[in-house]
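Here are my comments on the model you sent. Please read them with the structure open.

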Amino acid sequence: MTAASPNSPTEIADILAFYASAGVDEALEDAPVNRFAEAPRPVERAPAAAPREDKVPERPAAAPGLDASRVPDAPPARSSVAAVPDEAQAALARQLATTATTLDELRQHMAAFDGCNLKTTAKNLVFADGNPEAAVMLVGEAPGRDEDIEGLPFVGRSGRLLDRMLAAIGLGRTSVYIANVIPWRPPGNRTPTPHETEICRPFIERQIELVNPKVLVNLGGPSAKTLLNTSEGILRLRGDWRVHTTASGIAIPAMPTLHPAYLLRTPAHKKLAWRDFLEVKAKLRTL
Ligand code: URA
């Protein structure tokens, strides 16, 4: 059965309202694109435009020990970006992450990496905010619209709630470090696919390793599942100390808690997050 195309302005307004309520709030292209198609669609070259700040137009210099032949060619024409995240891109992400010896280097490697399709629709790389020397590192899921525009994590509505939660235990943006599992906004704020998460995982793991916080706070299920290597739901995970083990074997105590966006939708659960934040405060006193 074929769905009838909307014709009248009222029908078109109805379908747009339906899309908006489903989170589809941006038209990215004139025609729909199946990004799960096996072969990348040939794309006409856009007229020369100023490179985006987080895109590195030149072939990035190979970091020490990095196999330069695996660094993708520039310029980043859309057709050169993987339509389907694959194991080669995941391997390249791991290599780029491992060879970054500072947070600045890691940021540069991520900005130069074209293997995650989310980068094609994101405005900015959302790397981190806060203090890299902080004892506490918080990791969310992925940037939303406001974060994408500003290039900083948790600056929208849920970020404002997070700031209030942190203030309640005497912390703030200068005393914590904040990042996301996924550094590019998924279009329409959709849930990142498992492939996208696997491709981005080496970057956040290396970021945690380089910051080396005393305590990690996982904001929401996707962060907890990705970084604590579990499939348990956040409502079961939250409130108990877990461990995040870095590639070099450092064990970091981790507190999974509810995501601020979830708390905005489910304010009755704020008390649970409050308990988790008190746990973090108590843990910091013992360190
Ligand atoms: N939600 C997240 O998980 N991260 C952000 O940066 C913003 C909202």
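This is a predicted model: local features need pLDDT of at least 70, side-chain atom pairs count only at pLDDT 80 or more; totals for chains, interfaces and linings use all residues.

1. A polar backbone atom of Glu141 is 2.8 Å from a ligand oxygen. For Phe154, a polar backbone atom is 2.9 Å from an oxygen atom of the ligand. At Ala142, the ligand atom is a nitrogen, and a backbone N or O atom lies 3.1 Å from it.

2. Ligand burial. How much of the ligand does the protein bury? Taken alone, the ligand exposes 240 Å². The protein buries 92% of that area.

3. Helix pair geometry. Helix H2 spans residues 87-99, and helix H7 spans residues 194-211. They pack with their axes 7 Å apart. The angle is about 10 degrees. Why call H2 roughly parallel to H7? Because angles under 35 degrees count as roughly parallel, H2 is described that way relative to H7.

4. Helix pair contact. On the H2 side, the contact residues are Gln89, Ala90, Ala93, Arg94, Leu96, Ala97 and Thr98. They meet Ile199, Pro202, Phe203 and Arg206 in H7. By class, the H2 contact with H7 has seven nonpolar, two polar and two charged residues.

Note on methods
Residues are numbered from 1 along each chain as its sequence is written. Side-chain values use heavy atoms; hydrogens and water are left out. A polar contact is a pair of N or O atoms within 3.5 Å; within protein, one must be able to donate a hydrogen and the other to accept it, and residues adjacent in sequence count only if both atoms are side-chain atoms. Accessible areas come from the Shrake-Rupley method with a 1.4 Å probe; for residues, only the protein chains shown count as cover. Axes are lines fitted to C-alpha atoms, for helices over the stretch in contact, and angles run from 0 to 180 degrees between N-to-C directions. Helices (H or I, at least four residues) and strands (E, at least two) are DSSP runs, numbered from the N terminus. Angles under 35 degrees count as roughly parallel, over 145 as roughly antiparallel, 65 to 115 as roughly perpendicular and the rest as oblique. Contact means heavy atoms within 4.5 Å. Ala, Val, Leu, Ile, Met, Phe, Trp, Tyr, Cys and Pro count as nonpolar, Asp, Glu, Lys and Arg as charged, and the others, Gly among them, as polar.
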